[in-house]
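The exercises below concern disulfides, sheets and helix packing. Each one gives a task and then a solution in steps.

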Amino acid sequence: ALVAIQKGDTAARINDRFSGRSEFTKICFWHQNQNKLQVGGKGDEMGYDVYEACKNQGAIIINGHEHTYHRTKTLSSFTNQTIASSCTSGSTLCVGPGRTWLAVVGTGGTGLRDQVRCAPTAASAPYASLNTTDASCPIWASIYTNNQGAQFGALFLTFNVDGNPKKGTGYFKNVSGQVIDSFTFFVD
């Protein structure tokens, strides 16, 4: 199930859109961000309620707006940027009611941007954040901005991997064919 969110949508609207849906995989997507849920210079625009509602529905979250790519580990709270204690890996993610992950994919348009938040980063792909002084930084499993030599690219998700409807894989590939980030996810 895909649910497109717009600025001003509420948790009640999101819950209504998912009501009665039985698909294993759910995705919420929208354009704007919250400051601590991106590594660029964007401010708070969406509010945390939409993130929390999608997480509580067990939906993967995809945003744009910030002209970079970055992906979190599995989170149990977007409001507090809390990594789910039951699923802490950056390369194997979990999705289900109360926990999910976020990818910001803003690398398909114009003008890639610098990393403003959560430096320093790891020296090699997937460039995870090593900064522990800002509580919102350890959530990032992959960061790809001008600071890492970013090129335009796209996120690819595959569902029903190995015939398992609850297993998926993802990867971010740039226009030069380089895979910057790859991961597996499991739906509860």
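**Exercise 1.** Decide whether Cys-28 is buried or exposed, and find what Cys-28 is bonded to.

Solution. Step 1: Cys-28 has a relative accessible area of 0% and is therefore buried (buried means under 20% relative accessible area, exposed over 50%, partly exposed in between, with a 1.4 Å probe and protein chains only). The model is predicted, so local features need pLDDT of at least 70 and side-chain atom pairs count only at pLDDT 80 or more, while totals for chains, interfaces and linings use all residues. Residues are numbered from 1 along each chain as its sequence is written, and side-chain values use heavy atoms, without hydrogens and water.

Step 1: Cys-28 forms a disulfide with Cys-54, the sulfur atoms being 2.1 Å apart (a disulfide is a pair of cysteine sulfur atoms within 2.5 Å). The link is left-handed, with -95° about the S-S bond.

Step 2: Because Cys-28 lies in strand β2 and Cys-54 in helix α2, the pair ties together parts that are 26 residues apart in sequence. Helices (H or I, at least four residues) and strands (E, at least two) are DSSP runs, numbered from the N terminus. Cys-54 is also buried, at 0% relative accessibility.

**Exercise 2.** Work out the strand order of the six-stranded sheet and name its edges.

Solution. Step 1: The sheet is open, has mixed pairing and runs β1-β2-β3-β8-β4-β9 (two strands pair if DSSP finds at least two bridges between them).

Step 1: β1 (2–4) and β9 (140–144) each have a single partner strand, so one side of each is left without a neighbour in the sheet. Neighbouring strands are turned by 15° against each other on average, direction ignored. Axes are lines fitted to C-alpha atoms, for helices over the stretch in contact, and angles run from 0 to 180 degrees between N-to-C directions.

Step 2: β4 (residues 69–72) pairs with β9 in the antiparallel sense over four bridges. Tyr-69 has Tyr-144 of β9 as its bridge partner.

**Exercise 3.** Determine what helix α2 touches and which of its residues are buried.

Solution. Step 1: α2 (residues 48–56) packs on the sheet, touching β2, β3 and β8 (102–105), and its direction makes about 145° with that of β3. Contact means heavy atoms within 4.5 Å.

Step 1: Seven of the nine residues of α2 are buried, among them Tyr-48, Val-50 and Tyr-51. The buried residues pack against α1, β2, β3, β5 (75–77) and β8.

Step 2: Gly-58 follows α2 and has a positive phi, near 75°.
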